[in-house]
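Please work through each task before reading its solution.

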Amino acid sequence: MGHFRSFLDGIGFFFQGLRWVARYPRWWLFGVIPALIAFTLYAAGLYFLGTNALDIAAWGTPFADGWSEATRTALRALVGLALFVAGLILSVVTFTAITLILGDPFYEKLSEKVEETYGEVPTGHDLPLWKSIPRSIRDSLITLGWLLLFTIPLFFLGFVPVIGQTVVPVLGALVSGFFLTIELTTLALERRGLARRSRFGLLKGNKAPALGFGILLFLLFLIPFVAVIAMPAAVAGAAIMVRTRLAPPVLPAGRTGESPRVDRGV
């Protein structure tokens, strides 16, 4: 029951982020810009893949040239569909990483502003932009590598009858959701001086809220254009989750965590 409650808490952090950007709409607009750029690039890539999937499938299955037309067409249609689905899934699981890289200065500032409404912002671990962006790219590539290590086998298992339509989608959502949370909490955790391995360890020790937060976003990001609208709220929610759950500041009298203060000047 405790894990389920923590899972629900993870979902709640996204809605807290949503409330935050609703309170400060200009910061929502500020965070939408890089997400919109990334969405445009991904949409163009998926359009190209969708319109050329059958040609790519034909190029990749030369062994079927001598088959009957019906069998050959059915095989290549299935392969083309699988390619497009794989591209769609890959776009969902990599969208956050690419958007955060493209909009690093935007989301760093947004994350800081969220923390300002909760009190003092952690300092002392900031890096200059020319160092932070390469590190973000390196960490995102490593995270993507781990993600692909899980999702590629799941993709092929998806063709197994029954299991592919029941167990595999659930496992895919769990894996993708966890890694989405890893990406989104990076800004706030780096602000506290936590390196990549430490961030992984912290989230592994808090799997339930990490999964609740990430799975909800994974499902939302499957809906076209929702990822653009929800991205600022996701960054804000991740900052709140780090601040109040994953790495809360220690306060006097043994209390932890903080309540947001009302600050209309943010």
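**Exercise 1.** Which exposed residues does the face of helix 1 turned away from its buried side carry?

*Solution.* The model is predicted, so local features need pLDDT of at least 70 and side-chain atom pairs count only at pLDDT 80 or more, while totals for chains, interfaces and linings use all residues. Residues are numbered from 1 along each chain as its sequence is written, and side-chain values use heavy atoms, leaving out hydrogens and water.

Step 1. Helices are DSSP runs (H or I, at least four residues), numbered from the N terminus. Helix 1 comprises residues 2–23.

Step 2. Buried means under 20% relative accessible area, exposed over 50%, and partly exposed in between (1.4 Å probe, protein chains only). The buried residues of helix 1 are Ser6, Gly10, Phe13, Phe14, Gly17, Trp20 and Val21. They cover an arc of only 120° around the axis, which puts them on the same side of helix 1; the arc is that of the directions from the helix axis to the C-beta atoms.

Step 3. The face turned away from this buried side carries the exposed residues Arg5, Arg19 and Ala22.

Step 4. Contact means heavy atoms within 4.5 Å. The buried residues of helix 1 pack against helix 2, helix 4, helix 8 and helix 9.

**Exercise 2.** Describe the aromatic pair of phenylalanine 30 and phenylalanine 106.

*Solution.* Step 1. Rings of Phe, Tyr and Trp (its six-membered ring) pair if their centres lie within 6.5 Å; planes under 30 degrees apart count as stacked, over 60 as edge-to-face and the rest as tilted.

Step 1. At 4.9 Å centre to centre and 40° between the planes, phenylalanine 30 and phenylalanine 106 form a tilted pair.

Step 2. Phenylalanine 30 lies in helix 2 and phenylalanine 106 in helix 4, so the pair ties together parts that are 76 residues apart in sequence.

Note on methods:
Helices (H or I, at least four residues) and strands (E, at least two) are DSSP runs, numbered from the N terminus. The expected span of a helix is 1.5 Å times one less than its number of residues.
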